[in-house]
Amino acid sequence: MNLIARAEATFKQKFDAPATFCGIAPGRIEVLGNHTDYNEGYILAAAIDREIILCGRACEGTKATVYASSYDAKESFDTSSPTLNSENFWINYIQGVVSELNKQGITIGGFEAVLDGNVPLGAGLSSSAALEVATTYLLKALFGFSMDPIAIALTSQAAENNFVGMNCGILDQFSSAMGKEDNLVFLDCRDLNKYRHIPLGNNIELVIANTKAKHSLVDGAYNQLRNSCFDAAKYYAQKLAPRPVTHLRDVSVTDMELYSADMSETTRKRAKHIITENQRVLDGVAALEHGNLQKMGECMNLSHLSSRDDFGNSCNELDIMYACAENIPGLFGRRLSGGGFGGCTVNLISADKADDFAEELTRRYRQETGIEPEMHICKAWNGAHSISL
């Protein structure tokens, strides 16, 4: 049974009525552009063929009730006044979207919904962003308001920033909303209209290797890194005046080499990662546009080493997974993906070698750590949408 049919069946069982619409949003994998989004830099990402499904129907009043299949849990809230739930945290991503829509003057009435999907939870594949985007698409279908995909991504990001309390950039929600099959999404985060799809080809697959190191960003580590970046931008703004510098996006590699001596070591290294990562994204895009997968892979490898050695958002399991992939046939490049501190690496692989690669990487990682990893062989996929049931 496919995901939509399964969610429909669960809805009928839990609510004794048929669902009318379904919001569908893919997870995403960050291919290059680690923590560059909130620095108004560049990202290169892909929506993947793993999706969050939220099917439901509108009801009278202002009560929303959602059943989450993965947690076997049901939660309700008042759509006119969403309140943070400290026990079942998953409902807050849905409440956050409702809260943001309320701020925009969009009336959200009562609804019932079932949450299902196959985006691995807590693995750094943005199941939370996919849930926010799927929620926005479902509510748009249920309550008939108009909103374009970029506005949907921004609303979903605001839900996570303002309600959940996670100061993420736009990468996750934008990639989920704007994906295209067999393409990567290249975005200039300073101007969301400046995005384009970069062909990856149907002979390339993304092997996502879950280290099983728990990935959690709402504990403050992400926000500490973010604050360091903003501190560095203020430093460079003074050094480079009167040239305007508002974010690390405005600082070149040459600027960094000339003016970093007076910074604290921690801030200097974190800034170095962002500044060089922006250049790696541009180099990676150019490589793909010229069909140079080897160069693209080199950019990915350097990105991981920069995250490990400069930015400080890797972990032992991610570094072991990175090392274990060395010299396995079919590999072009690999790196940690997402916020870091756990979760997954993404590996760029020839499609005909993907199964063997995943098997060998599993064997090596298990031998090194005693941990059984999860491998997901994915394709770059289409972005979020809604359907009538």
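A residue counts as buried when its relative accessible area is under 20%. This cut-off is applied below to a predicted model.

A search of the whole structure finds eight aromatic pairs. One of them joins Y38 and F230. Y38 lies in the loop between β1 (21-32) and β2 (42-59), whereas F230 belongs to helix α6 (residues 221-240), so the pair ties together parts that are 192 residues apart in sequence. Y38 has 6% relative accessibility and therefore counts as buried. F230 is partly exposed, at a relative accessible area of 24%.

F174 and Y195 also form an edge-to-face aromatic pair. Here the centres are 5.5 Å apart and the planes stand at 75°. F174 sits in helix α5 (residues 171-178) and Y195 in strand β7 (residues 195-199), so this pair links parts that are 21 residues apart in sequence. F174 is buried, because its relative accessibility is 0%. Y195, with a relative accessible area of 29%, is partly exposed.

A helix contact was also examined. The axes of helix α9 (residues 293-311) and helix α10 (residues 316-324) come within 11 Å and cross at roughly 155°. Angles over 145 degrees count as roughly antiparallel, and α9 and α10 are therefore roughly antiparallel to each other. The crossing of α9 past α10 is left-handed. On α9, the contact is made by N301, H304, L305 and R308; on α10, by L318, D319 and Y322. These contact residues divide into three nonpolar, two polar and two charged.

Note on methods. Residues are numbered from 1 along each chain as its sequence is written. This is a predicted model: local features need pLDDT of at least 70, side-chain atom pairs count only at pLDDT 80 or more; totals for chains, interfaces and linings use all residues. Side-chain values use heavy atoms; hydrogens and water are left out. Axes are lines fitted to C-alpha atoms, for helices over the stretch in contact, and angles run from 0 to 180 degrees between N-to-C directions. Helices (H or I, at least four residues) and strands (E, at least two) are DSSP runs, numbered from the N terminus. Angles under 35 degrees count as roughly parallel, over 145 as roughly antiparallel, 65 to 115 as roughly perpendicular and the rest as oblique. A crossing is left-handed if the near helix is turned anticlockwise from the far one by less than a right angle, and right-handed if clockwise. Contact means heavy atoms within 4.5 Å. Ala, Val, Leu, Ile, Met, Phe, Trp, Tyr, Cys and Pro count as nonpolar, Asp, Glu, Lys and Arg as charged, and the others, Gly among them, as polar. Rings of Phe, Tyr and Trp (its six-membered ring) pair if their centres lie within 6.5 Å; planes under 30 degrees apart count as stacked, over 60 as edge-to-face and the rest as tilted. Buried means under 20% relative accessible area, exposed over 50%, partly exposed in between (1.4 Å probe, protein chains only).
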